[in-house]
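Colleague: Please take a close look at the metal site in this model and at what surrounds it. Give the cut-offs along with the values.

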Amino acid sequence: MNAIFSGKLWNHLPPLPASVGLDAAGVIAEVGERVVDFRVGDRVYVNPWLTCGQCAYCRADEPMLCSSSALQGYFGFFPTSRPQLEAYPFGGFSEYMTSSAQRLVKLPGTVSFDQAARFGYIGTSFAALRAGKVGAGSTVAINGITGTLGVGATLLALGMGATRILGFGRNPNVMTQLKALAPRRIDTLGLGERPIADWIRERTGGLGVDVLVDCSARSATSAVTLDALNGLKRGGIAVNIGALTEPLSIEPFRFMNYRWHFQGSSWFTTEEGQLMADMAGVGVLDLSHLRTQPYPLDGINDALEAIKARPGGFVNIVVNPDR
Ligand SMILES: [Zn+2]
């Protein structure tokens, strides 16, 4: 939120003044007359992914590719996103907001609103792991494992049945906590300690990993991603969900020879949000490791300030009006 409203990035801001706030979760206060699957009192997460419903992609049933997409309470991806932001002008920091029923995720009673407020990040990681076809016995590498996306990817990969989760990052304390979650499955490496690809191959019988999830921060260097790419198995899939902007110099011949894939992924579908909520509801996705740092509704500015301190991947800064 701080970065977006600095106005220095490429995003298209909603008409100002705007009501902002991403990843809202709460109780339904009122339903429209054509709503059949939701009732007043239902606990839900609002997937903020807004689409136009009429571009070539939407008409082809590819809403994640919508060429006028926007995130409710946040920003538009294109100049043409403005009508979507105007149609749903209330962000998560409002007392009440509107949403179409199609974007609602039903929350099991065991998933708290504070945990659901993390779904944007966890869902982004979930979509990446699904793009990488992660399942029983998969081996996964995570670049930037100590950040919010990286911790989410780790918790999910554990639940999805990955046998090896090899992460690299900068925060040694978070890496120690991550390793403790499943010492036989998770291993971590501090960036700069040694070449990543060699380290990955040593831990995968020389093969390399099935999937690399890249969560590099905007400030990261492409050399780390390049090193990690070389730790992919033949036929492996690299999925980028990070904000790395430094150009990456790849050797297409190797991609041909190794049958490697490199793809980007952004956000997640409401279906994926529901799968995730259901997994969290029964503990397949164990969110109990996340710690909430709550702020009251009138403490929003303190919350935005607290984010700047980069508390690390396990901490969830949430504005919760019930606190
Ligand atoms: Zn569209």
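Modeller: The arrangement around the zinc ion is tetrahedral because its four donor atoms subtend angles of 103 to 119°. Four donors count as tetrahedral if all angles lie between 85 and 135 degrees. For four tetrahedral donors the ideal angle at a metal is 109.5 degrees. This is a predicted model, in which local features need pLDDT of at least 70 and side-chain atom pairs count only at pLDDT 80 or more, while totals for chains, interfaces and linings use all residues. Residues are numbered from 1 along each chain as its sequence is written, and side-chain values use heavy atoms, with hydrogens and water left out.

The protein donors are the SG atoms of C52, C55, C58 and C66, at 2.3 to 2.4 Å from the zinc ion. A donor is an N, O or S atom within 2.8 Å of the metal (3.2 Å for Na, K and Ca); water is not among the atoms, so sites may look incomplete. Along the chain the donors are spaced as C-x2-C-x2-C-x7-C. C55 has 10% relative accessibility and therefore counts as buried; C58, at 12%, counts as buried too. Buried means under 20% relative accessible area, exposed over 50%, and partly exposed in between, with a 1.4 Å probe and protein chains only.

One of the donors, C52, also lines the second largest pocket, together with N47, W49, T51, G53, P63, M64, Q102, R103, T269 and T270. That pocket holds about 170 Å³ of space. Its lining divides into four nonpolar, six polar and one charged residue. Here Ala, Val, Leu, Ile, Met, Phe, Trp, Tyr, Cys and Pro count as nonpolar, Asp, Glu, Lys and Arg as charged, and the others, Gly among them, as polar. On a 1 Å grid over the protein atoms alone, a pocket is an open set of points with protein on both sides within 12 Å along at least five of seven lines, a cavity is a set where a 1.4 Å probe fits but cannot get out, and lining residues have an atom within 4 Å of a point. Grid points are joined across faces, edges and corners, and a volume is the space filled by probe spheres set on the points.

The count of cavities of 30 Å³ or more is one, and the largest cavity has a volume of about 30 Å³. Its lining consists of G21, L22, D23, A24, V46, P48, Q72, G92 and M97, of which five are nonpolar, three polar and one charged.

As for the rings, Y45 belongs to an aromatic cluster with F119, W267 and F268. Rings of Phe, Tyr and Trp (its six-membered ring) pair if their centres lie within 6.5 Å; planes under 30 degrees apart count as stacked, over 60 as edge-to-face and the rest as tilted. The model has nine aromatic pairs by this rule. Among them is the tilted pair of Y74 and F75, with 4.7 Å centre to centre and 50° between the planes; both Y74 and F75 are buried.

Note on methods. Tetrahedral: all angles 85-135°; square planar, octahedral: opposite > 155°, others 65-115°.
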